[in-house]
Amino acid sequence: MSRMIPNNQITLLQNGETYFPAIEAALDRAMHEIYIETYIFENDNTGRRIAEALKRAALRGVTTCVLIDGFGSIGFPKTMVDDLEAAGARVLKFRPKTSPWTLRRRRLRRLHRKIVVVDQTIAFVGGININDHRDISSQTSLRVDYAVSIQGPLVKEIHDSARRVWSRVAWMRWLPDRGRNDDRYRPSTEPTGLMQAAFLVRNNIRHRRDIEEAYLQAIEQAQDEIILASAYFLPGLNFRHALTDAAGRGVRVVLLLQGRMDHPLLHYASQALYCSFLAARIEIHEYHKSMMHAKVAVIDEHWATVGSSNLDPFSLLLALEANVVVDDEAFAKELKFSLEQAIETGAQRIGENNRGTQSIGQRLASWLSYGVVRFMIGIAGYAPGKPPGRAVPIDHAA
């Protein structure tokens, strides 16, 4: 697990309204190199806006490396790829071969990270894909999502991680590594703030459980309050026990989960866990005002994490993920306030009374969905709570 690094400035970015202007401004300031990784890159207003900023940078001679996931960005059109490459950018897809009918382990492993690094001086990490953030049905409500901007010594670790993933994917395509470091410049190592932070990744080689272990350590040390927000929530047995144990010793445990059903299988599977959590006096709030896409947590008003990792088997056991952990009271309180506002203005608290109104069919659907998800993970070669089988390096990106 990565160590905490001091002297950083971490800024919370809430939703696309603050995130996209921030990364667009950073791209327009770029002088040397850009790495960008995203699961979804849509051909919509937001996607075209960011693509134009990337093209402007490439035309200025900035080394511009864009890595998108082959499944998440399956709708990213060739015309956009051609435009970016005509401007001088390089675009690669992580695991471009996709099939809805296979449970092969390699096909299920996706690039789920959302990272932007500019000139090794500023980085962005979070859960926000490159797509429009207005609610599709109403076009009025913003989806709940978060990212952070980072300046300071931690940027080097984020840059090095992005460069490694890019280089491996390029190597598997037999392409020259145009993303290699430019020895003519070095980023400043001067402190830019007073905040301690760590960059955590989940991959299939050395860091299979780093993000989960960071959560578990923080939960086990919690004394007062745990607030978790996760769009897709189906943690393993160890994680569930850690939460119920915390509640049992008097810690207030609050779960903010997605109430709208965009992936029915995961939605119903998550609900299969509600009874045991409610019995442990854990608060469950389902967000209905818009899509809730957050993957964040605040513990004891000083430990916080923002990133791409959901608390479900696909994020914790299969996908490439990236989170930032921040140990700072002011940052944690800002994120906590935002989550409390979301709960107050757009969420419905689930209680035993709500559960009692469910039909037998709804309860059966929940447990069947839970069983199907566990079966899929087992077919892929994993079982929650047990170490994964032999790792397949991410170099095998085809």
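User: Why are helix α2 and helix α3 called roughly parallel?

Analyst: This is a predicted model. In it, α2 (residues 45-59) and α3 (residues 78-87) pack at an angle of about 20°. Angles under 35 degrees count as roughly parallel. The pair is therefore roughly parallel. Their axes lie 8 Å apart.

User: Which hand does the crossing of α2 and α3 have, and what residues meet there?

Analyst: The crossing is right-handed. From α2 come Gly47, Arg48, Ala51, Leu54, Lys55, Ala58 and Leu59. They meet Met80, Asp83, Leu84 and Ala87 of α3.

User: How do the residues of the contact of α2 with α3 divide by class?

Analyst: Seven are nonpolar, one is polar and three are charged. Gly47 is in this contact, and Gly counts as polar.

User: What makes α1 and α2 roughly parallel?

Analyst: Helix α1 covers residues 15-29. Its axis and that of α2 cross at roughly 15°. The cut-off for roughly parallel is under 35 degrees. So α1 is roughly parallel to α2. The two axes come within 8 Å.

User: What is the hand of the crossing of α1 and α2?

Analyst: The α1 and α2 crossing is left-handed. The crossing of α2 and α3, by contrast, is right-handed.

User: Which residues of α1 and α2 meet?

Analyst: Phe20, Pro21, Ile23, Glu24, Leu27 and Asp28 belong to α1. On the α2 side are Thr46, Arg49, Ile50, Ala53, Leu54, Arg56 and Ala57. By class, the contact has eight nonpolar, one polar and four charged residues. Leu54 of α2 meets α1, and Leu54 is also listed in the contact with α3.

User: How do you know that α6 and α7 are roughly parallel?

Analyst: Again, set the angle against the cut-off. Helix α6 (residues 210-221) and helix α7 (residues 237-248) pack at about 15°. Roughly parallel needs an angle under 35 degrees. The label therefore holds for α6 and α7. Their axes are 10 Å apart, and the crossing is left-handed.

User: What makes up the contact of α6 with α7?

Analyst: α6 brings Glu212, Tyr215, Leu216 and Ile219. α7 brings Asn238, Phe239, Ala242, Leu243 and Ala246. That contact has seven nonpolar, one polar and one charged residues. Glu counts as charged, and Glu212 is in the α6 part.

User: How many cavities does a search of the whole structure find?

Analyst: Four cavities of 30 Å³ or more turn up.

User: Which residues and elements line the second largest cavity?

Analyst: Its lining has 14 residues. Closest to the centre are Ala231, Gln258, Leu266, His267 and Ser270. Two elements give two or more residues: β10 (252-258) and α8 (264-271). With four residues, α8 gives the most.

User: Of what classes is the lining of the second largest cavity?

Analyst: Six residues are nonpolar, six are polar and two are charged.

Terms used:
Residues are numbered from 1 along each chain as its sequence is written. This is a predicted model: local features need pLDDT of at least 70, side-chain atom pairs count only at pLDDT 80 or more; totals for chains, interfaces and linings use all residues. Side-chain values use heavy atoms; hydrogens and water are left out. Axes are lines fitted to C-alpha atoms, for helices over the stretch in contact, and angles run from 0 to 180 degrees between N-to-C directions. Angles under 35 degrees count as roughly parallel, over 145 as roughly antiparallel, 65 to 115 as roughly perpendicular and the rest as oblique. A crossing is left-handed if the near helix is turned anticlockwise from the far one by less than a right angle, and right-handed if clockwise. Contact means heavy atoms within 4.5 Å. On a 1 Å grid over the protein atoms alone, a cavity is a set of points where a 1.4 Å probe fits but cannot get out, and a pocket is an open set with protein on both sides within 12 Å along at least five of seven lines; lining residues have an atom within 4 Å of a point. Grid points are joined across faces, edges and corners, and a volume is the space filled by probe spheres set on the points.
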